Amino acid sequence: MKGRYEDENLTWIPLLIVGIFLLPFMLKGITYSYKYYLFVLNMAGIYIILTVGLDLLSGYTGLISLGHSAFLAIGAYTSAILVDQVGIPFILSLVISPLIVGIFGFLIGFPALRITGMYLGLTTMGFGFIVKRLIIALRVWTKGAGGLEVSPPVIFGFTFNSDWDNYFLIFTCAIIAVVVGRRIGKSKIGRALMAIRDSEQAAEATGVHLAKYKMLAFFISGLFAGFAGALFAHTSHFISTDHFDIILSIYFIIMILVGGVSSIYGAVLGTLFIVLLDYLFVPELKDLIHGVFNIEGGDIQSLLFGLIMFLFIIFQPTGLYGMWIKMKIYWKLFPFNPKKRLI
Amino acid sequence: MKKATGLFILTGLLVMGCGNRASAPGVSEDKILIGNVQDLSGPMKELGAVLPAGSNLYFRYVNENGGVHGRQIEMKVEDHQYNPQKAVAAAKKLIEKDQVFCLYQVIGTSPCEAIRPILAESGTPLVAPATQSGSMSDMSREAADLIFHTDTGYDKQTRILVDNILADNVNAKIGLIYQDDDYGENVLKGAAVAESSTGVAIQKEAYQRGATDFAGQVANLMKGGATHVIIAGVVKEPIIVMKTAAAMGYAPKFYGTSPTMDHRVSLAAGPAGEGFTSANFASLWNSDAVAAVLYRELCSKYEVPEAYMGMYHFYGFITAQVLVEGLERAGQYPTRERLVNGLETLNNWDGGAFPPITYSQTDHAGTESVILVEVKEGVQTVITDWID
């Protein structure tokens, strides 16, 4: 089965989707603590939606954002307010909330017309601080820093009340996000975004409207973050400013770096890798780590993430997805490989 | 017929016996496993290490004296880094994977709020959440029937402080410096209640968690003419605020909520902290209260490092007393439901540190009073009895 592009082999996609939806049943059969693993996977699913959008902005377009936890927060609070206080259905909120966050993204895109790199990163980080202050100030709707209780998702009368139910909702949305992200990446828009990243002057010379596409990149990225935020609020049942710390924005950047920038599948792999490392690997090994180094799991986590990012940037800039591609090429050419290192 | 009746009665008794021995997660023949979620590597990690250490001191004492109904208490601690999402993950792990009997002493308001759905879903009680937010004993909230609060809420503390200030000086102009997070939100709630009940307007100045510069807030209070200032901070905030005020030549009477009661405040603030009065929901660790005497004895017996000893370590110790009392009352064959029922039988229970604790099916606040502690010549001195 070939995709729209000659190099795309999509045979494995239906199998993967079936696998994704069979996974909860397999987990339930294997372990009594499957609900815990489903919770971790659900979180990864929500973050995948966000990092796909972030990859389109930072990976494809080269515009760094340290404000994506704020976009997530706006999506979460908007949806919580729309559903629980305004009374609109959750399914409608899944459309409106991303659009509102997209508009915020569009507005944040303005500075990106003049600044790039570290300065843009700092500007988006500042946006994160402003959003946090706004949430606290708008306490009539947000309940301030005390946090907001949120109702569970209800679609056509069905209430998604448990991690089990949430898994199917979140991963359906995540699959849609990945497909849409891939399509955007391979479309005219995606090519324009990559052209801007590689050389703004060259892109402009070939007819790419810089301002339009840069702001479009922020808008699209906001849409994905808003979608993730709406799901986050209703599946978590409680949101507060502590959920959307600036450090989360940095983790999102690490996720796409580890997965491999400019690759939607890379964003998926990187997010899974970091979330599983953070929520399964570190807690499991924290006692061992504490015993050997006399430091807490959380401290080693920051150290580990820093080290992983450092190693990937130096030795594997194409990330996990790049590694996978190289391995595929290696086996395709085997045994006639050029004398090069595998990884 | 007699045989059949006898057999019927015997079967009935056996069934009843089995029912009584219904097993619960985390309970084995010789052990009860409880779960604790602390901030071990986040902004409150200093407390995260000390609180469970205080609890373990009491558990060790109980275990060496035969445990609870012959079972040893074991506590598993997870880290949430003061992140509510991590708190949810940690609570899920403890309940689903480690199969703990109950949760105990989860630190922080937003982490405790975030885990409410898990408590409700699994029916797991949370005993003595380590936050003084009044929302913990709000019985209209989700899983409120499973949460047993031991501390007087920040809202009530603030209201008591305002009442006390006005009782001393009816013309007092009151200022409030609060942290703009969940903690401060609950303090503001108490301030609003006090404002409406007394008719006095309180000048409010916010600061961000982790702030180290309070010159702006102090200058505003000075400009507003506040004669009495309540500091709703933790340890470093009251120290810096009082030192800043002293440096600016501004000398209102300072008050603080319970987290500011740490003895390091008076030590570090020096002369600027003289007269600082804080509210506390338990007796002092170095007082003559029964629990405090036992605490110091055990610290000495088990050679607890001096750096650990103090308000927060003692807090871990006394909340462990409440949990153990609940476990005792849950009976020989404890279940989560029996723990809830057992705790709800506490009626003016005096553990020797908290004011008498009362729980019922409709009230899980435990206590609603505080003592006031004033720094006199550098020494913390209790100046009131329990007031509410």
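Student: What makes chain B a confidently predicted chain on average, and how many of the residues score at least 70?

Tutor: pLDDT is the predictor's confidence in each residue, from 0 to 100. Chain B averages 90 on that scale, and 94% of the residues score at least 70. This is a predicted model, in which local features need pLDDT of at least 70, side-chain atom pairs count only at pLDDT 80 or more, and totals for chains, interfaces and linings use all residues. Residues are numbered from 1 along each chain as its sequence is written, while chains are lettered from A and ligands numbered from 1 in the order in which they are written.

Student: Where in chain B does pLDDT stay under 50?

Tutor: Over residues 12-20 of chain B, for which the model has one contact beyond four places in sequence. Two residues are in contact if their C-beta atoms, placed from the backbone, lie within 7 Å.

Student: How do you know that chain A and chain B are in contact?

Tutor: By that cut-off, 23 residues of chain A are in contact with 26 residues of chain B. Helix 2 of chain A gives the largest share of chain A's side, four residues.

Student: Which domains does chain B have?

Tutor: Domain 1 (31-152 + 286-366) and domain 2 (154-280), with bounds from an automatic or database domain assignment. Their centres, taken over C-alpha atoms, are 28 Å apart. Ten residues of domain 1 of chain B and 14 residues of domain 2 of chain B take part in the contact.

Note on methods. Helix = DSSP H or I, 4+ residues; strand = E, 2+ residues; numbered from the N terminus.
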